[in-house]
Amino acid sequence: MASPLAAALLLSSQAALPPAPVAVVPRPVRLERGEGTFVLGPATRLRADASLRRTAELLQEELRRATGWPFPLLDGAARAVPASPEIRLRIDRSLASLGPEGYRLTSTPRGVEIAAPAAAGAFYGVQTLRQLLPPQLFRRAVTPGVRWEVPAVRVEDRPRFSWRGSHLDVARHFMPKRAVLDHIDLMALHKLNVFHWHLTDDQGWRLEIRKYPRLVEVGSRRRESQLGRDEEKGDGTPHGGFYTQDDVREVVRYAAERFVTVVPEIEMPGHAQAILAAYPDLGNTPAPVEVWTRWGISERVLSVDDRTIAFLTDVLAEVVDLFPSPFVHVGGDEVPPREWNESPAARARMRETGARDAEELHSWLMGRVGAFLASKGRRLVGWDEILDGGPAVPGAVVMSWRRAKSGLDAVRAGHDVVMAPMSHTYLDYYQSKEPGEPLAIGGFLPLETVYAFEPVPPELEGGDRASCVLGAQAQLWTEFMATPEAVQYMAWPRLAALAEVVWSPREARDLADFRARLAPHLARLDALGVSYRG
Ligand code: TNX
């Protein structure tokens, strides 16, 4: 056994080592360095309150995989073994001022303690701890010879916004369940908490609905896809895929364990050609259509007949059973009015409801759907077009994508909003003007522009309506991303910049500092095998 003197010498020699870099993304509210480091070893234990057990198990799995050591997990109430090194997770209600997602992490040469007023905060404390450890933690196998140390720090942290989102379009290109789970893992590492799952569009329906089997039998497959940007050309290759209801339950559970809410999006009444391919009766004209093989906005939209509304509510009834999210997204964007203007049934519906035009009819339809969702205790979310036809459904959340102004209008009309403007959050845009970038939809959105995004419009700053901005999210539309690797290339590291926008205090935003932290952070993404843009 080491003598006290030797131990003291060892400590001081450790303290003399150059401090390991601390690079946490998104940047915590407060982080102070202490003296020395906590070095993990074969005897290190985990200890967690019963309500934090699953979070502790996730940490345990990762530590075991990376170090090969056992990290036994003790109950928080069990008596501590004096002098035995521990990573401890505990609920501490006296920290309530940190909010439901806040935490305090304290590491010293003797151990690590993560304390939080609620479970989500403890989970985020663990995400910070993962980033304080060497990047080899993120590899899938044991890396020998690593000194598994945590620098001594005191962190106090809490998010700026409650909606910290990442949207993923799996309709234009299907993404296998494993890729979806991997994406959720990466979100959690960056403290993002809303996964907006865009499940349906003109080019594919990806969600099994028991009552309407043709949605996946017919709607999940298309004959071919557009080749590049040329609408005249197809690639001749069939594309398809869907999630069974069991797959969905697995994704929802996996996400919940990582404090991610899955918000499903079921597009209506536009972006719905895949529905019409499966159930032509739900359209405005009898002319048959196939699942669309081109990108863009299809002119074919759902009708507003009673049977279509019955279909939509049946589908949403299954959706609310599958997804516990308080929010259900029903799209509502880009609805070409031509078919409704030409359809006798739609015109009759306008007369009956007093709608003066297609926009007001759209608003009426959203009202019906919103009332159904409300009857199930859920809130409707829609793209900002839901405001175009007059007042939107009371209580609806507006996702502002066309311009920041639409978000401001929505707040002034009394809605909560999520900011998702093309100008700052469309990760399908080019991230560089250098040659060699993969073909993208267009636009230009470099990392710095994402990082500079400010979700609260200046007009609302400091006012009591600023809290109507629930947060923001980045969009991954996949017309030009055919594989999970292509998605990762467009997502990272720009999504890390967005994570800092929605998590960190506004005053802490500092591009040079972010870039300095990003370099070591990319080593983590390397260890995870993420195909980010370097
Ligand atoms: C607009 S954003 C769309 C999507 C496209 C995207 C491409 C929105 C609500 N609708 O259908 O994929 O542009 O950037």
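At what angle do helix 4 and helix 6 pack, and how far apart are their axes? In this predicted model, helix 4 (residues 177-189) and helix 6 (residues 245-257) pack at an angle of about 15°, and their axes are 10 Å apart.

**Helix 4 and helix 6**

- Angles under 35 degrees count as roughly parallel, and helix 4 and helix 6 are therefore roughly parallel to each other.
- The crossing in which helix 4 passes helix 6 is right-handed.
- On the helix 4 side, the contact is made by Lys177, Arg178, Val180, Leu181, Ile184 and Asp185. Helix 6 contributes Asp247, Glu250, Val251, Tyr254 and Ala255.
- The residues of this contact between helix 4 and helix 6 comprise 6 nonpolar and 5 charged, with no polar ones.

**Arg172**

- Arg172 sits in the loop between strand 8 (163-169) and helix 4.
- Its relative accessibility is 3%. Buried means under 20% relative accessible area, so Arg172 counts as buried.
- The side chain of Arg172 is joined to that of Asp169 by a polar contact of 3.0 Å.
- A polar contact of 2.8 Å links the side chains of Arg172 and Gln203.
- Leaving aside residues up to four places away in sequence, Arg172 touches Asp201, Gln203, Arg222, His239, His271, Trp295, Gly296, Trp477, Thr478 and Glu479.

**Cis peptide bonds**

- The bond from Val25 to Pro26 is cis, with omega near -5°. Pro26 belongs to the loop between helix 1 (4-16) and strand 1 (30-39).
- The bond from Trp492 to Pro493 is also cis, with omega near 10°. Pro493 is in the loop between helix 15 (484-491) and helix 16 (494-503).

- Lys191 is a residue other than glycine with a positive phi, near 65°. Lys191 lies in the loop between helix 4 and strand 9 (194-198).
- With a relative accessible area of 0%, Lys191 is buried.
- Glu334, likewise a residue other than glycine, has a positive phi near 45°. The loop that holds Glu334 runs between strand 17 (327-331) and helix 9 (338-342).
- Glu334 has a relative accessible area of 23% and is partly exposed.

Definitions and conventions. Residues are numbered from 1 along each chain as its sequence is written. This is a predicted model: local features need pLDDT of at least 70, side-chain atom pairs count only at pLDDT 80 or more; totals for chains, interfaces and linings use all residues. Side-chain values use heavy atoms; hydrogens and water are left out. Axes are lines fitted to C-alpha atoms, for helices over the stretch in contact, and angles run from 0 to 180 degrees between N-to-C directions. Helices (H or I, at least four residues) and strands (E, at least two) are DSSP runs, numbered from the N terminus. Angles under 35 degrees count as roughly parallel, over 145 as roughly antiparallel, 65 to 115 as roughly perpendicular and the rest as oblique. A crossing is left-handed if the near helix is turned anticlockwise from the far one by less than a right angle, and right-handed if clockwise. Contact means heavy atoms within 4.5 Å. Ala, Val, Leu, Ile, Met, Phe, Trp, Tyr, Cys and Pro count as nonpolar, Asp, Glu, Lys and Arg as charged, and the others, Gly among them, as polar. Buried means under 20% relative accessible area, exposed over 50%, partly exposed in between (1.4 Å probe, protein chains only). A polar contact is a pair of N or O atoms within 3.5 Å; within protein, one must be able to donate a hydrogen and the other to accept it, and residues adjacent in sequence count only if both atoms are side-chain atoms.
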